[in-house]
Amino acid sequence: MADATERGRASFAQGAWGEAYALLSAADGEAGLDLEDLELLGAAAYLVGREEEAVDVWGRAHREALRVGDIRRAAGCAFWPAFVLLNKGELAVLYCFVFLYMAARGGGRYSVDASLGTRRT
């Protein structure tokens with residue numbers, strides 16, 4: 001299915017979202033996708049109107065990014081489902097992704113930890 005993955009990437013780059021979605025979905029079903037391709041599949045799913053599937057795929061990408069230690073990418077993968085859910089009015093699920101984002105990214109300069117001068121372990 002490497003051929004379908006390559007064709008899916010090319011379709012995505014050309015803006016052929018439906019074709020990219022179909023090819024990447026097929027490749028995912030056969031052999032699974034790596035982190036970068038999961039992100040493309042999530043975006044393609046969103047762009048063809050399959051929001052629930054996009055949220056699921058981005059959730060998988062988030063877990064994979066955490067597994068490989070790519071915290072920046074994990075935060076990005078948590079942002080997009082939150083964006084989709086916010087626009088749909090799904091607040092309970094949205095908050096789950098917001099907290100995943102915060103867990104991956106950290107509290108930042110305005111957090112309680114920062115104001116107390118402590119760090120998470």
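Biologist: How far does H2 reach, in Å, from its first C-alpha to its last?

Modeller: This is a predicted model, in which local features need pLDDT of at least 70, side-chain atom pairs count only at pLDDT 80 or more, and totals for chains, interfaces and linings use all residues. Residues are numbered from 1 along each chain as its sequence is written, and side-chain values use heavy atoms, with hydrogens and water left out. Helices are DSSP runs of H or I with at least four residues, numbered from the N terminus. H2 has 15 residues, for which 21 Å is expected at 1.5 Å a residue (1.5 Å times one less than the number of residues), and its reach is close to that, at 21 Å.

Biologist: Which residues of H1 are buried, and which exposed residues lie on the face turned away from them?

Modeller: Buried means under 20% relative accessible area, exposed over 50% and partly exposed in between, with a 1.4 Å probe and protein chains only. The buried residues of H1 are Ala4, Thr5, Gly8, Ser11 and Phe12. Down the axis of H1 these fall within an arc of 125° (taken from the directions from the helix axis to the C-beta atoms), so they line one face. The face turned away from them carries the exposed residues Ala2, Asp3 and Ala13.

Biologist: Are H1 and H2 roughly parallel or antiparallel to each other?

Modeller: Axes are lines fitted to C-alpha atoms, for helices over the stretch in contact, and angles run from 0 to 180 degrees between N-to-C directions. H1 and H2 pack with their axes 8 Å apart, at an angle of about 155°. Angles under 35 degrees count as roughly parallel, over 145 as roughly antiparallel, 65 to 115 as roughly perpendicular and the rest as oblique. H1 and H2 are therefore roughly antiparallel.

Biologist: Which residues of H3 does H2 meet?

Modeller: H2 and H3 pack at about 135°, with axes 9 Å apart, and are therefore oblique to each other. Contact means heavy atoms within 4.5 Å. On the H2 side Trp17, Ala20, Tyr21, Leu24, Ser25 and Asp28 take part, and they meet Asp37, Leu38, Leu40, Leu41, Ala44, Ala45 and Leu47 in H3.

Biologist: Which helices do the buried residues of H2 pack against?

Modeller: Those buried residues are Ala20, Tyr21, Leu23, Leu24, Ala27 and Asp28. They pack against H1, H3 and H4 (51–68).

Biologist: Which residue with positive phi follows H2?

Modeller: H1 is followed by Gly15, with a positive phi near 80°. After H2, the residue with positive phi, near 80°, is Gly32.

Conventions. Helix = DSSP H or I, 4+ residues; strand = E, 2+ residues; numbered from the N terminus.
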